[in-house]
Amino acid sequence: MKIRELVAPLLAGACGLALIAISSGVKAQQPAAGAPAGQPAAQPQPQLDACGGRSAQPEVPCPNDVTEMLAALPAKAPATPQKPRKVLVLARAAGFAHSSRPLAAATINEMGKKTGAWTTDVTYDAAAITPDNLKQYDAVFLDSTTGLFLDDPNDAAATAARRKALLDFVRGGKGLAGIHAASDSYHGGTGAGRGTGAGRRTGAGRGTGGDPLWPEFNKLIGGYFKFHWNWPTPITVKIDDPSNPINATFKGKSFNINDEVYVFNQDSFSRENVHVLTSVDYSMMSDSDKRKESPQRTDHDYALCWIRREGQGRVFYEALGHHESIYYDNPQMLEHILAGMQYALGDLKADDSPSVKPGRTSNKNH
């Protein structure tokens with residue numbers, strides 16, 4: 001098992017990291033014109049981006065993105081750490097692989113370093129999730145993990161041990177934070193899409209997100225993906241709990257942003273299970289965008305960020321984070337993520353009671 005710590009050389013884009021295959025966003029070259037008669041035209045060849053998660057070094061963020069992210073980072077943490085904290089970033093994608101993962105990992109690393117709130121290790125290896133290894137960490141950050149990201153398809157015992165280790169880690173008093181595709185995990189439809197965490201990409205389970213494949217995790221993270229509005233969809237982010245310290249940077253004011261915007265399976269997400277911090281202001285969306293979601297959530301509840309208790313531990317989830325710009329275009333978003341991380345670590349106290357008491361009906365459109 002190898003755990004790598006992201007350091008300053010990322011700015012130079014020079015890291016000798018193991019390569020992994022990523023198919024997202026691959027650009028295709030056009031075949032040469034004028035193929036000889038009777039012969040098929042040349043097949044398009046993939047052309048990888050020059051840097052970042054869609055390049056030949058998919059674990060290394062683009063240097064320019066890192067430079068912009070560093071300039072946008074908050075200077076100070078909202079809470080003083082109770083003790084030295086350590087975070088493990090797990091960036092394994094067993095389904096769709098987001099190009100923003102290396103930049104998100106660098107963001108968590110540099111954010112902790114700059115503010116002194118934590119130190120960071122980064123791994124793309126699910127074998128890092130063991131009871132012994134997790135003892136040194138105060139929180140795990142799921143960096144757009146997808147599919148069955150903890151599982152070993154050839155070793156059922158290892159799979160069960162990893163799953164138990166993560167649940168025990170959180171329930172025993174530690175923290176879990178997840179961004180964007182951390183919720184596109186452990187769900188799927190039947191047939192080809194089953195177990196990919198991305199039934200939307202195969203047609204299986206389309207519109208519903210398919211079946212829960214690890215219900216304990218689905219509840220732990222707060223819900224699972226069923227649909228997204230493609231990047232760059234403009235939305236207005238509503239501040240559901242203006243008094244919550246994790247939302248302090250927004251000062252109660254909504255804001256506009258562009259991203260790939262997730263919608264969650266209606267049976268998997270409920271305000272009876274989570275404390276919602278922000279959501280999509282559905283009333284501000286265009287009718288054409290609303291029609292793209294089919295079937296629509298009947299409650300029109302499009303939560304984006306929430307926190308919750310799991311045993312003695314704490315969970316923070318932020319649905320935005322698909323595109324690299326989320327990590328440098330809006331300094332308030334970074335302050336928000338910093339505060340959420342400190343909540344997960346146990347250093348920032350926040351109301352994490354469910355937004356709706358069980359048995360009560362939440363208000364439509366919120």
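Visitor: Which residues point one way from strand 6, and which the other way?

Guide: In a regular strand the side chains alternate between the two faces of the sheet. In this predicted model, G175, A177 and I179 point one way from strand 6, while L176 and G178 point the other way. Strands (E, at least two residues) and helices (H or I, at least four) are DSSP runs, numbered from the N terminus. Strand 6 covers residues 175-179.

Visitor: How should I treat the numbering and the confidence of the prediction?

Guide: Residues are numbered from 1 along each chain as its sequence is written, and side-chain values use heavy atoms, with hydrogens and water left out. As this is a predicted model, local features need pLDDT of at least 70 and side-chain atom pairs count only at pLDDT 80 or more, whereas totals for chains, interfaces and linings use all residues.

Visitor: What is the order of the strands in the open sheet?

Guide: Two strands pair if DSSP finds at least two bridges between them. The open sheet has nine strands in the order 4-3-5-6-13-12-11-9-10, with mixed pairing. Strand 4 (119-123) and strand 10 stand at the edges with a single partner strand each, so one side of each has no neighbour in the sheet. On average, neighbouring strands of this sheet are turned by 25° against each other, direction ignored.

Visitor: Where does the pairing run parallel, and where antiparallel?

Guide: Strand 5 and strand 6 run parallel and are joined by five bridges, with A139 opposite G175 in strand 6. Strand 9 (residues 225-239) pairs with strand 10 in the antiparallel sense over nine bridges, and H228 stands opposite Y262 there. Strand 9 also runs antiparallel to strand 11 (residues 275-280), to which three bridges join it; in that pair I239 faces T278.

Visitor: At what angle do helix 2 and helix 8 cross?

Guide: Axes are lines fitted to C-alpha atoms, for helices over the stretch in contact, and angles run from 0 to 180 degrees between N-to-C directions. The axes of helix 2 (residues 101-115) and helix 8 (residues 331-345) come within 11 Å and cross at roughly 80°. Helix 2 is therefore roughly perpendicular to helix 8; angles of 65 to 115 degrees count as roughly perpendicular, under 35 as roughly parallel, over 145 as roughly antiparallel and the rest as oblique.

Visitor: Which residues meet between these two helices?

Guide: Contact means heavy atoms within 4.5 Å. T107, I108, M111 and T115 in helix 2 meet L334, I337, L338 and M341 in helix 8. These residues divide into six nonpolar, two polar and no charged. Here Ala, Val, Leu, Ile, Met, Phe, Trp, Tyr, Cys and Pro count as nonpolar, Asp, Glu, Lys and Arg as charged, and the others, Gly among them, as polar.

Visitor: Which residues touch the most other members of the largest nonpolar core?

Guide: A nonpolar core is a set of buried Ala, Val, Leu, Ile, Met, Phe, Trp, Tyr and Cys residues joined through side-chain atoms within 4.5 Å. Of the 93 residues in the largest one, V87, W118, L150, L176, I235, I246 and F316 touch the most other members. Helix 8 gives the most to this core, with nine residues. Residues up to four places away in sequence aside, the contacts of I246 include L277, I307, F316 and Y343.

Visitor: Where do the backbone angles call for a second look?

Guide: Most residues other than glycine have a negative phi, and most peptide bonds are trans. S144, in the loop between strand 5 and helix 4, has a positive phi of about 45° and is buried, with a relative accessible area of 1%. H180 has a positive phi near 45°; H180 lies in the loop between strand 6 and strand 7 and is buried at 0% relative accessibility. The peptide bond from W231 to P232 is cis, with omega near 0°, and P232 is in strand 9. A cis peptide bond also joins S294 and P295, where P295 is in the loop between helix 7 and strand 12.

Methods. Buried < 20%, exposed > 50% of the residue type's maximum accessible area, 1.4 Å probe, protein only.
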